[in-house]
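Take a moment to look at the sequence and the model before reading on.

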Amino acid sequence: MSQPPSSGPPDPDRSPSPWEPPPGHDPSSYEPPPEPPSYGPPSHEQPPYEPPSYEPPAHQQPAYGQPSYEQPGEPPHGQQWGHQPPYTPQTPYGQYGPPSGPRAGGTNVLAILSLVFAFVFSPIGIVLGHLAKRQIRTTGEEGDQLATWGLILSYVITGLGVLACCGWIALIALAGNNGPNY
């Protein structure tokens, strides 16, 4: 519990109270702080927002035979500190948008080969399609639909080839049994 301030002279051993004015302070000489300078008439309208333009840094090559030395404390050539890449907005949960994970560039080569070999030699197209699917899952490359179509066409063409071979063998077996008996 705090004690009320004493009306007598201040005690030199006691620390000053934060509620008491410092000695020699005259409250009647209070001046408000100066107002900040006005740069024009007050306006309630804000200027339209203009996003900052992003320009990639210009890369300059050193002259032939002259090494390029960087001074300590300076950013490396081509890198400008304080510049951020352009903002990409986030998509809300449950909506489609660009993939958020790091994606390797390009289409998986095995997926393309799977689709090609589906028409050339379909059993190899099946093997390449399964290998492409596994690589796409691990690397994040594009070409999942190509690998899927390569697998579908390879299985269908292989199945038709197996049926054709079985039908041919059955036709030869039936024709051999009904031949002329001498």
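Which residues in α1 meet which residues in α3? In this predicted model, A111, I112, S114, L115, A118 and F119 in α1 meet L146, A147, W149, G150, L151, L153, S154 and I157 in α3. Helix α3 also has contacts with α2, and the points below take the two pairs in turn. Two packed helices are described by the angle between their axes and the distance between the axes.

**α1 with α3**
- Helix α1 spans residues 109–120 and helix α3 spans residues 144–177; their axes come within 8 Å and cross at roughly 20°.
- Because angles under 35 degrees count as roughly parallel, α1 is roughly parallel to α3.
- The crossing of this pair is left-handed.
- Among the residues of the contact between α1 and α3, eleven are nonpolar, three are polar and none is charged.

**α2 with α3**
- Helix α2 covers residues 122–139, and its axis comes within 8 Å of the α3 axis, with a crossing angle of roughly 155°.
- Angles over 145 degrees count as roughly antiparallel, so α2 and α3 are roughly antiparallel to each other.
- The crossing of α2 and α3 is left-handed.
- On the α2 side, the contact is made by S122, P123, G125, I126, G129, H130, A132, K133 and I136.
- On the α3 side, these residues meet D144, A147, T148, L151, S154, Y155, I157 and T158.
- The contact of α2 with α3 has eight nonpolar, seven polar and two charged residues.

Methods: Residues numbered from 1 in each chain as written. Predicted model: local features only at pLDDT ≥ 70, side-chain atom pairs only at ≥ 80, totals over all residues. Heavy atoms only, no water. Axes fitted to C-alpha atoms, helices over the stretch in contact; angles between N-to-C directions. Helix = DSSP H or I, 4+ residues; strand = E, 2+ residues; numbered from the N terminus. Parallel < 35°, antiparallel > 145°, perpendicular 65-115°, else oblique. Left-handed = near helix turned anticlockwise from the far one by under 90°. Contact = heavy atoms within 4.5 Å. Nonpolar A, V, L, I, M, F, W, Y, C, P; charged D, E, K, R; others polar.
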